[in-house]
Amino acid sequence: MFEMLKNLAMPSQFVALLLVVGVGMLVAGRTRRIGIRLLVAGSLLLLFFSSGLTASLLMRPLEYRYGPVVDLGRYADVDTIVVQTAFATDDRNMPLSSRAGSSTVYRVLEVARLVREGSVTSVFVSGDPVAAPIIRDLLISVGVPGEMIAEDANSHHTVESAENLAADLAGRRFYLVTSAGHMPRALGVIRKATLDPVPAPTDFQLPSNPAAASWWPSPYHLYVSDLAVREYLGLLWYRVTGKTDSYW
């Protein structure tokens, strides 16, 4: 029930519900006036959340809360990376490069950069049993030595990741690599576990300046609006349920 309500809170699904119900009432005849209003409301909301300006304004506070790791000299004592998994599929009909979603690829590239430019000696891949091995293989394919990589393939969300890695990471600073929009929620959970992560965000969706985003509606902008709303709801839920100590 909760999952269904959470999905309906996504702009794309809420808009779809309004439009479907509106069409149904329009066809029914007696509720034609209400149907027209729902269709108008759904259409306006679709235009609103599909705008690059709206998507940027929603996502910017999440994505740019923490800046990327640029000057690695500031973190000479950090020798460990934790990278959270994102979507991946174990479809052997695809080449390895196609089994990972774009968010996963960005995370892999960021880990490879930190390994190449920093003083990293160990990488923990934390996530589900499908994605973790794929990320490991991708990391090796871009030059990260396999002996540096350890897998935590039993973490289906950030809370489990923090719990599973607590023993290995206690007292150690480490880079946390995940999508920029997810970083505030991930940091809150991991710090709740008394760990010491250095945020290394990647996979930025839109420019930091909302004025630079296209106002023209697009499916991609609607997708980003969905991502942002999901993160805000996740932050709220984690705070209410005690998984993090702050809303931000």
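Five of the five residues of strand β1 are buried, so β1 is largely enclosed by the rest of the structure. The model described here is a predicted one. Along β1, T80, V82 and Q84 point one way, whereas I81 and V83 point the other way, and all of these residues are buried. Strand β1 covers residues 80-84 and is joined by five bridges to strand β2, residues 122-126, with the two strands running parallel. Within this pairing, V83 has V125 of β2 as its bridge partner.

Strands of a sheet pair through backbone hydrogen bonds, and the arrangement may be parallel or antiparallel. Here, five strands make up an open sheet with parallel pairing, and their order is β3-β2-β1-β4-β5. The edges are taken by β3 (149-152) and β5 (196-202); each has a single partner strand, so one side of each is left without a neighbour in the sheet. With direction ignored, neighbouring strands of the sheet are turned by 25 degrees against each other on average.

Helix α5, formed by residues 102-117, packs on this sheet and touches β1, β2, β4 (173-179) and β5. The direction of α5 makes about 150 degrees with that of β4.

For α5 and helix α6 (residues 131-141), the angle is about 45 degrees and the axes lie 10 Å apart. The crossing in which α5 passes α6 is right-handed. On the α5 side, the contact is made by T104, V108 and V111, and on the α6 side by I135, L138 and L139. By residue class, this contact of α5 with α6 comprises five nonpolar residues, one polar residue and no charged ones.

Attention now turns to the loops on either side of β5. T194 lies in the loop between α8 (183-192) and β5, and this residue has a positive phi of about 60 degrees although it is not a glycine. With a relative accessibility of 71%, T194 counts as exposed, because the cut-off for that class is over 50%. D203 is placed in the loop between β5 and α9 (219-240). D203, again not a glycine, likewise has a positive phi of about 60 degrees. In the case of D203, however, the relative accessibility is 5%, so this residue counts as buried.

Y220 has a relative accessibility of 36% and so counts as partly exposed. Leaving aside residues up to four places away in sequence, Y220 touches Q205 and L206. The C-alpha atoms of Y220 and S51 are separated by 9.2 Å, while the two residues are 169 residues apart along the chain.

Methods. Residues numbered from 1 in each chain as written. Predicted model: local features only at pLDDT ≥ 70, side-chain atom pairs only at ≥ 80, totals over all residues. Heavy atoms only, no water. Pairing = 2+ DSSP bridges. Helix = DSSP H or I, 4+ residues; strand = E, 2+ residues; numbered from the N terminus. Axes fitted to C-alpha atoms, helices over the stretch in contact; angles between N-to-C directions. Contact = heavy atoms within 4.5 Å. Buried < 20%, exposed > 50% of the residue type's maximum accessible area, 1.4 Å probe, protein only. Left-handed = near helix turned anticlockwise from the far one by under 90°. Nonpolar A, V, L, I, M, F, W, Y, C, P; charged D, E, K, R; others polar.
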